[in-house]
Amino acid sequence: MNVAVIIAAGWGQRMNQDIPKQFINVYDKPVLIYTLESFQRHPDIDAIEVVCLAGWRDLLKAYAGQFNITKLKWIIDGGDTAQESIRNGVYHLEDVCSPDDIVVIHDGIRPLVDESILSDVILKCRQYGNAVTSLPYNEQIFVMEDEHSTRQYIPRETLRRVSTPQAYTYEKLNWAYHKAFEEKIGIYGSSYTNTMMVDLGETLYFAAGSEKNIKLTTRDDLELFKGYLRTEKDDWLK
């Protein structure tokens, strides 16, 4: 079984709106529903769990019914941090998932995940036990010497940008979250599942990524998302 765990437990202060950004309507549909529709359509996703902001579960249930998200099986409350929210989602599946089941973790505010990206992350996870969506880094990266200057750069050929979706076998994922929270490893600050796994000594494997798979953090990101929705691909482009 392949289970998607969608993280939608944040508020999004930088969006500076009166409602959580995952529930902002874009063309009469909440951002989170666009995300869920990608997983609903994918033939390899068997069930969806949403880790939701407390107090918004009933609204999500209503939206799921309205937009026919039939694969949504569980809605649970998130935690105070991203890692606590993911942990809650992982622990909730302990009586549901088998050790070899694949769990795909994805940000609810990344609504433009392509079917091909989901397919590749699941395929790579079956091959290696985990997979993280990634892209090359195309800009030059310099290390600050002080606030105003630098004399050192990092060769961009050695860098990859990693985001969600990420996929892990349930046995490894559940082990990792228990160990991380018991030993306080990789759970603070901006830590996420991928960085936590590396902190625990695990090797990660790259899957395909897409520039379109943007994270909606600011109002500019929201406008970019709306632009993508209005754009149709030219058939002649390879």
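Visitor: Where is the place of Gln83?
Guide: Gln83 sits in helix H3. This is a predicted model, where local features need pLDDT of at least 70, side-chain atom pairs count only at pLDDT 80 or more, and totals for chains, interfaces and linings use all residues. Residues are numbered from 1 along each chain as its sequence is written, and side-chain values use heavy atoms, with hydrogens and water left out.

Visitor: Does Gln83 count as buried or exposed?
Guide: Gln83 counts as buried because its relative accessibility is 1%; buried means under 20% relative accessible area, exposed over 50%, partly exposed in between (1.4 Å probe, protein chains only).

Visitor: What is Gln83 in contact with?
Guide: Leaving aside neighbours within four places in sequence, the contacts of Gln83 (heavy atoms within 4.5 Å) include Tyr177, Phe181, Tyr192 and Met196.

Visitor: At what angle do H3 and H5 pack?
Guide: About 130 degrees, with the axes of H3 (residues 82–92) and H5 (residues 170–183) 10 Å apart. Axes are lines fitted to C-alpha atoms, for helices over the stretch in contact, and angles run from 0 to 180 degrees between N-to-C directions.

Visitor: Which residues meet there, in H3 and H5?
Guide: Among them, Gln83, Ile86 and Val90 in H3, and Leu173, Tyr177 and Phe181 in H5.

Visitor: Changing topic: which residues of H4 are buried?
Guide: Ile117, Leu118, Asp120, Val121, Ile122, Lys124 and Cys125. They pack against several elements, including strand S1 (2–8) and helix H1 (31–41).

Visitor: What follows H4?
Guide: Gly129, with a positive phi near 100 degrees.

Conventions:
Helix = DSSP H or I, 4+ residues; strand = E, 2+ residues; numbered from the N terminus.
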